Amino acid sequence: MSTTATISGKMALMSQVAGPQSFGRVDEDGTVYVRTPDGERAVGQVPDVSGEEAIAFFVRRYNSLETEVGLLESRLKSGRLSPENARQAAAKLRTSILEANAVGDLASLAARLDALTPDIEARAASRREEKADAQAKARQAKEEMVGRAEQIAAGTDWRGGVTKFRNLLDEWKKLPRIDRTTDDELWHRFSSARTTYTRRRKAQFAEQNAKREDARKIKEAIIEEAAPLATSTEWGPTARDFRDLMARWKAAGPAPREVDDALWKKFRKIQDTFFDARTAAMSQQDEEFRGNQEAKETLLEAAEKQILPISDINAAKEQFRSFLDRFNEIGKVPRDAIRRIDARVRDLEEKVHSAEQAEWKRTDPQARERAEETVTMLQSQIDKLTADAEKAEAAGKDADARKARESVQTYQSWLDQARKTLDDFTA
């Protein structure tokens, strides 16, 4: 063991036994000395006091230093002090202790500070790991945010995109900075994406505003065209004109929001004026046509009873033509009865036409000839197959005979159907 360490150990033991004052002495001239491992050194004088009081004055200075060391130990243990600040505080305090004009075990007090070094370094390493982990997470978060920003910038969410960028910026500000080069690069990409989106959004709205202004002019022109039509009594042509105007109105797209509703109300009022007048006129006309409806329905009922069921196609055709002539002479019917009556007329016409087609088919000489030929051909084939079966049976060829008999059955079913078709021509 070194001489210095031996002396330090003895001094520490003395401190435990007699306290800090045991490390001091007073000279005859009142100078106070402190004993250290390197020997004695003067710490000062306190005039006009006894030696004990002079030493007590410098012991109080030592106690203050000891309190500072204890406070540093407590703050480091509680985590209230960062490793870097603790390292700086310990170094500064150690210098103060070694150079202090105080009486006490200064070497032991400095040793307590030195004992904090491993804990400070461990905490510093842990802080570095935490900082590195936080930076890695921050980098990942910022890269994801840049990706989202670039995706928004390439999209067309012109309303929600502004809010999304604002939220991303708030999130960005909450994240810690990472290494300067990477942080600046990511921020440049984020800022560029936001600038790109803003420019595209402004251009989009400018284009929309131009289109809306064009739509306003088109709709105003349509209103001018529609105004004279409001009092027209040419119901059919004017209704078609309004349908064309409505198609152009829809194709024009929206006008500026502050005028679009007002323009539509003007156009709708013009339409309503015309169509209300047409409805009133049609309703009056329908009442005038109610008698025609009754006459046509009576005529139609009589024709249906006279023509159906059809037994003589020529008579039915003549009766239908006669009915149709009288039916058309009666005139128009109310709108709510047109479809119903027309449907009954078409149904009667279809039945007459179907009966005519069936009669033509039944009396068609070529079709009858084809049916007779089919019957003859099938019967001939059946006769041949029957003869083949009989020959096979006589020769003991049961398999061939059975196959021929099965073919006879198939041809017989075809023959029955062909004879039925032929019977239709002779009915």
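Where does Ala100 lie? Ala100 is found in the loop between α3 (83–98) and α4 (106–115).

## Basis of the model

The model is predicted: local features need pLDDT of at least 70, side-chain atom pairs count only at pLDDT 80 or more, and totals for chains, interfaces and linings use all residues. Residues are numbered from 1 along each chain as its sequence is written, and side-chain values use heavy atoms, with hydrogens and water left out.

Helices (H or I, at least four residues) and strands (E, at least two) are DSSP runs, numbered from the N terminus. The domain assignment, from an automatic or database source, divides the protein chain into domain 1 (20–131), domain 2 (134–209), domain 3 (210–283), domain 4 (285–362) and domain 5 (365–424). Between the C-alpha centres of domain 4 and domain 5 the distance is 48 Å.

## The three-stranded sheet

Strands β1, β2 and β3 form an open sheet of 3 strands in the order β1-β2-β3, with antiparallel pairing; two strands pair if DSSP finds at least two bridges between them. β1 and β3 are the edge strands, each pairing on one side only. From one strand to the next the twist averages 30°. Strands of a sheet pair through backbone hydrogen bonds, either parallel or antiparallel.

β1 (residues 24–26) is joined to β2 by 3 bridges, and Arg25 has Tyr33 in β2 as its bridge partner. The two strands form a hairpin with 4 residues between them, and Gly30 in the turn has a positive phi of about 95°. β2 pairs with β3 (residues 39–45) over 6 bridges, again in the antiparallel sense, and the hairpin that joins β2 to β3 passes through 2 residues. On this side Tyr33 is partnered by Ala42 of β3, and Val34 by Arg41 of β3.

Strand β2 (residues 31–36) has 5 of its 6 residues buried, so it is largely enclosed by the rest of the structure. Buried means under 20% relative accessible area, exposed over 50%, and partly exposed in between (1.4 Å probe, protein chains only). Helix α2 lies across β1, β2 and β3, running at about 140° to β1.

## Surroundings of Ala100

Ala100 is buried, with a relative accessible area of 9%. Leaving aside neighbours within four places in sequence, Ala100 is in contact with Arg41, Val43, Leu65 and Leu106; contact means heavy atoms within 4.5 Å.

## Helix packing

Axes are lines fitted to C-alpha atoms, for helices over the stretch in contact, and angles run from 0 to 180 degrees between N-to-C directions. Helix α6 (residues 160–174) packs against helix α7 (residues 180–226) at an angle of about 160°, with the axes 11 Å apart. The two are therefore roughly antiparallel to each other; angles under 35 degrees count as roughly parallel, over 145 as roughly antiparallel, 65 to 115 as roughly perpendicular and the rest as oblique. The contact involves Gly161, Val162, Phe165, Leu168, Leu169 and Trp172 of α6, and Leu186, Trp187, Phe190, Ala193, Arg194, Tyr197 and Arg201 of α7.

## Backbone exceptions

Most residues other than glycine have a negative phi, and most peptide bonds are trans. Asp48 has a phi near 60°, a positive value in a residue other than glycine. Asp48 sits in the loop between β3 and α2 (51–78) and counts as exposed, at 84% relative accessibility.

Leu308 and Pro309 are joined by a cis peptide bond, with omega about -10°. Pro309 is placed in the loop between α9 (257–307) and α10 (313–330).
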